[in-house]
Amino acid sequence: MVPGITILAIESSCDDTSAAVISDGYVLSNLIANQDIHKAYGGVVPELASRAHQANIIPVVDQALSKAGKSRDDISAVAFTRGPGLLGSLLVGTSFAKGFALVRNLPLIEVNHLQAHVMAHFALEHGRDNRTPGFPFLCLLVSGGHTQLIVMHDHLSMELIGNTIDDAAGEAFDKCAKVIGLPYPGGPVIDMLAADGDPHAFLFAKPRIKGLNFSFSGLKTSFLYFLRDRVREDENFIAGNMNDIAASLQNTIIEILVAKLVRASKETGITEVGIAGGVSANSGLRKAVQKEAAKRGWNLFLPELRYTTDNAAMIGVTAYYKYLRSEFTDHSVVPQARIEM
Ligand code: KG4
Ligand code: ZN
């Protein structure tokens with residue numbers, strides 16, 4: 001380990017403005033400003049998101065530095081999310097990082113948001129047992145925009161072995177939640193409601209997709225038609241069965257995800273297994289994966305809840321490994337809304 005590398009990391013790909021300070025791979029601070037403004041619209045409004053990032057970014061960075069006990073002069077490099085994400089949102093973080101680096105003549109490090117979600121498993125914290133995956137590491141990345149099976153061969157080398165052909169798992173949670181009148185983002189609300197529901201109360205269509213790919217658009221349609229028919233018979237059906245609906249929907253999504261993760265482990269022979277991304281906060285998914293791990297002898301990695309949804313710590317941890325390899329970015333860099341792994 002090269003001592004004394006302190007990275008200021010910025011994440012602004014969607015609707016959370018986050019800044020973190022990472023020292024030698026250890027997270028010293030990880031601040032997140034959520035944007036409640038989107039709740040009223042049932043989803044993220046890109047233009048409002050970039051304006052909120054602009055308002056939040058300086059205070060969030062200041063707080064991240066002060067919580068870490070670091071000053072601007074202690075920073076060795078600045079990292080930012082280059083993409084994928086909303087262009088206007090990414091632009092705020094990218095511009096801030098460039099400006100900060102330029103003024104202090106610091107190296108700039110671009111980070112892929114998806115890679116960072118997986119790299120969250122390598123975030124170290126002082127005062128705890130830091131258990132990190134060995135390689136190869138098989139990770140199910142489930143977020144609002146992505147559902148992927150990834151094999152990590154080392155800290156920075158990743159192979160995509162499965163992907164969704166339509167919606168992401170988080171999108172399935174959010175869109176179905178909207179159908180039953182729940183606020184955005186629906187995933188955490190479904191999770192909460194599901195705790196008091198019967199996961200086998202209702203059956204929804206599961207996709208038949210070959211190999212390691214996923215599909216969630218059929219489930220969304222099946223959910224919509226099911227409710228339409230039931231509400232026709234009983235207009236209070238949704239309100240009267242909210243917990244069972246949430247639990248059954250969640251169970252279907254979990255079964256789709258876990259079946260492919262098991263298959264991926266069998267096909268690759270990899271038993272260092274983890275989950276990452278916003279949906280990896282789901283309590284049902286965590287339990288289901290734990291059950292499979294016990295059954296199959298996996299060495300399982302569940303991210304701390306603070307590292308599941310978007311955060312700058314994961315950006316900083318990824319950047320730390322890039323710093324060690326001198327993978328720096330030129331100031332001509334521009335954000336990229338779409339980036340493949
Ligand atoms: O990783 P993330 O913060 O942003 C993206 O990169 O997309 O993931 C956000 C997604 C949303 O779809 C949200 O509903 C979902 O993660 N999510 C959950 C839970 N917490 C967040 N889904 C199910 N259960 C949860 N507890
Ligand atoms: Zn994300």
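The model on screen is predicted.

**Stop 1: the zinc site**

Select the zinc ion, ligand 2. Its protein donors are His 113 (NE2), His 117 (NE2) and Asp 310 (OD), at 2.0 to 2.1 Å. Read along the sequence, the donor residues follow the spacing H-x3-H-x192-D. Now check the angles. They run from 96 to 139° among the 4 donor atoms, and the site is irregular. The reason is a cut-off: four donors count as tetrahedral if all angles lie between 85 and 135 degrees.

**Stop 2: Gln 148**

Move to strand β7 (residues 147-154) and pick Gln 148. Is Gln 148 buried or exposed? Its relative accessibility is 2%, so Gln 148 counts as buried. Show its neighbours. Leaving out residues up to four places away in sequence, Gln 148 touches Leu 114, Cys 139, Leu 140, Leu 141, Leu 160, Gly 162, Asn 163 and Met 341.

**Stop 3: helix α5**

Ala 194 is one of the buried residues of α5. Select the whole helix, residues 186-194. Of its 9 residues, 7 are buried, so the rest of the structure largely encloses α5. The buried set is Gly 186, Gly 187, Val 189, Ile 190, Asp 191, Leu 193 and Ala 194. What do they pack against? Colour α4 (169-179), α8 and α9 to see the partners.

**Stop 4: α8 against α9**

Keep two of those helices: α8 (residues 242-268) and α9 (residues 283-296). Their axes lie 10 Å apart, at an angle of about 30°. The crossing is right-handed. From α8, the contact takes in Gln 250, Ile 254, Leu 257, Val 258, Leu 261, Val 262 and Lys 266. From α9 come Gly 284, Leu 285, Ala 288, Val 289, Glu 292 and Arg 296. Colour by type: 8 are nonpolar, 2 polar and 3 charged.

**Stop 5: Leu 31**

Jump to strand β3 (residues 26-34), where Leu 31 sits. Leu 31 is buried, at 17% relative accessible area. Its contacts, beyond residues up to four places away in sequence, are Thr 17, Ser 18, Ala 19, Val 60, Gln 63, Ala 64 and Lys 67. Draw a line to Asp 198. The C-alpha atoms are 36 Å apart, for residues 167 apart along the chain.

**Stop 6**

Most residues other than glycine have a negative phi, and most peptide bonds are trans.

- Gly 83 to Pro 84: the peptide bond is cis, with omega near -5°. Pro 84 is in the loop between β4 (77-83) and α2 (87-104).
- Phe 135 to Pro 136: this bond is also cis, with omega about -5°. Pro 136 is in the loop between α3 and β6 (137-142).
- Asn 105: phi is positive, near 55°. Look in the loop between α2 and β5 (108-112). Asn 105 is exposed, at 70% relative accessible area.
- Ser 326: phi is positive at about 55°. Find Ser 326 in the segment after α10 (312-324). Its relative accessibility is 51%, and Ser 326 counts as exposed.

Notes:
Residues numbered from 1 in each chain as written. Chains lettered and ligands numbered in written order. Predicted model: local features only at pLDDT ≥ 70, side-chain atom pairs only at ≥ 80, totals over all residues. Heavy atoms only, no water. Donors = N, O, S within 2.8 Å, 3.2 Å for Na, K, Ca; no water. Tetrahedral: all angles 85-135°; square planar, octahedral: opposite > 155°, others 65-115°. Helix = DSSP H or I, 4+ residues; strand = E, 2+ residues; numbered from the N terminus. Buried < 20%, exposed > 50% of the residue type's maximum accessible area, 1.4 Å probe, protein only. Contact = heavy atoms within 4.5 Å. Axes fitted to C-alpha atoms, helices over the stretch in contact; angles between N-to-C directions. Left-handed = near helix turned anticlockwise from the far one by under 90°. Nonpolar A, V, L, I, M, F, W, Y, C, P; charged D, E, K, R; others polar.
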